[in-house]
Amino acid sequence: MKLDSNDDDDVSLFDAEEDSATRKNKIKHPVASFFHLFFRVTAILVYLFCGLVGGSFIACMVTIILLLSCDFWTVKNITGRLMVGLRWWNQVDDDGKSHWVFESRKASGNQSSASRSSNAESRIFWLGLIICPVIWVIFAFSTLISFKIKWLAVVILGVVLQGANLYGYVRCKVGAKTNLKNMATNYFGRQFLKKAFTKQEES
């Protein structure tokens, strides 16, 4: 009878580990994950469709601007907080000075499983946040090269709005007091010193 009890305990512990891994890879906020990608991907598709097929420039421009605006608000105020536990905003103090605030939810043992970010949601969030602004930057260069100046304002708006969210969430991730320029300088400095020491050891 004791052997059976130990076997049951082993099975229950094994199942618990599987359940924990499943929860980490499970999308806990499917609606937020959907709209995190929906507005920005749709804006890119509308831009490509209008550029290839043609149509009313005013209608296309208004549609893209509305999609980009909805995406900026959704990512800044909803999906970042739900999917990765990050948020940023601007506040004005009593003296009338403007301050940017970057916050990150700290992981703790007392934190409920529902409030923790899953790996799947984190990947969706950061991939969508990084790839789409890069695409708009490519659109900006292609607009200049092809002399489609009428689309330049729309493309710049896409770069600015999605780039602002990317910058804000990167600041939240690395820390509000961290200087990104200093981070990049230190990184490249370490890489240079590493290569220098490697060459000395080889010689």
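Guide: Phenylalanine 147 counts as exposed because its relative accessibility is 67% (exposed is over 50% relative accessible area, buried is under 20%, and partly exposed lies in between, with a 1.4 Å probe and protein chains only). This residue sits in the loop between α4 and α5.

The model is predicted, so local features are taken at pLDDT of at least 70 and side-chain atom pairs at 80 or more, while totals for chains, interfaces and linings use all residues. Numbering starts from 1 along each chain as its sequence is written, and side-chain values use heavy atoms, without hydrogens or water.

Helix α4 covers residues 119-145, and helix α5 covers residues 152-174 (helices are DSSP runs of H or I with at least four residues, strands are runs of E with at least two, and both are numbered from the N terminus). The UniProt entry, which is unreviewed, places "transmembrane region" features at residues 44-68, 124-145 and 151-170; such annotations may be inferred rather than shown by experiment. In the model, residues 124-145 are 100% helix and 0% strand, with 32 Å between the end C-alpha atoms. For residues 151-170 the figures are 95% helix and 0% strand, and the end C-alpha atoms are 28 Å apart.

Valine 137 belongs to helix α4 and is partly exposed, given its relative accessible area of 34%. Between valine 137 and glycine 163 there are 9.5 Å in space, C-alpha to C-alpha, for a separation of 26 residues in sequence.

Which residues does glutamine 162 touch? Glutamine 162 lies in helix α5 and is buried because its relative accessibility is 0%. Leaving aside residues up to four places away in sequence, its contacts are Arg40, Leu68, Asp71, Cys132, Pro133 and Trp136 (a contact means heavy atoms within 4.5 Å).

Two of these neighbours are themselves paired. The side chains of arginine 40 and aspartate 71 form a salt bridge, 2.9 Å from N to O (a side-chain nitrogen of Lys or Arg within 4 Å of a carboxyl oxygen of Asp or Glu). This pair joins distant parts of the chain, with arginine 40 in helix α2 and aspartate 71, 31 residues away, in helix α3 (residues 57-83). Arginine 40 counts as buried because its relative accessibility is 0%. Aspartate 71 is buried too, at 1%.

How many salt bridges does a search of the whole structure find? The search finds 2. Arginine 87 counts as partly exposed because its relative accessibility is 39%. Glutamate 103 is partly exposed as well, with a relative accessible area of 32%.

Helix α2 (residues 30-53) also holds leucine 52. Leucine 52 counts as exposed because its relative accessibility is 76%. Together with Leu37, Val41, Leu45, Leu48, Phe49 and Val53, this leucine makes a nonpolar surface patch of about 680 Å².

For the protein as a whole, there are 6 helices and 2 strands, in the order α-α-α-β-β-α-α-α from the N terminus on. Of the 203 residues, 26% are buried. Among contacts with a separation of 6 or more, 69% are between residues 24 or more positions apart. The accessible surface is about 13700 Å², and carbon and sulfur atoms account for 64% of that area.

The average pLDDT (the predictor's confidence in each residue, from 0 to 100) is 77, and 69% of the residues score at least 70. Residues 1-21 stay under 50 and have 0 contacts beyond four places in sequence in the model. Residues 176-180 also stay under 50, with 9 such contacts. Where pLDDT is low, the predicted coordinates should not be read in detail.

Notes
Patches are made of residues with over 30% relative accessible area and no salt bridge: like charges are joined within 9 Å, nonpolar side chains (Val, Leu, Ile, Met, Phe, Trp, Tyr) within 5 Å. Accessible areas come from the Shrake-Rupley method with a 1.4 Å probe; for residues, only the protein chains shown count as cover.
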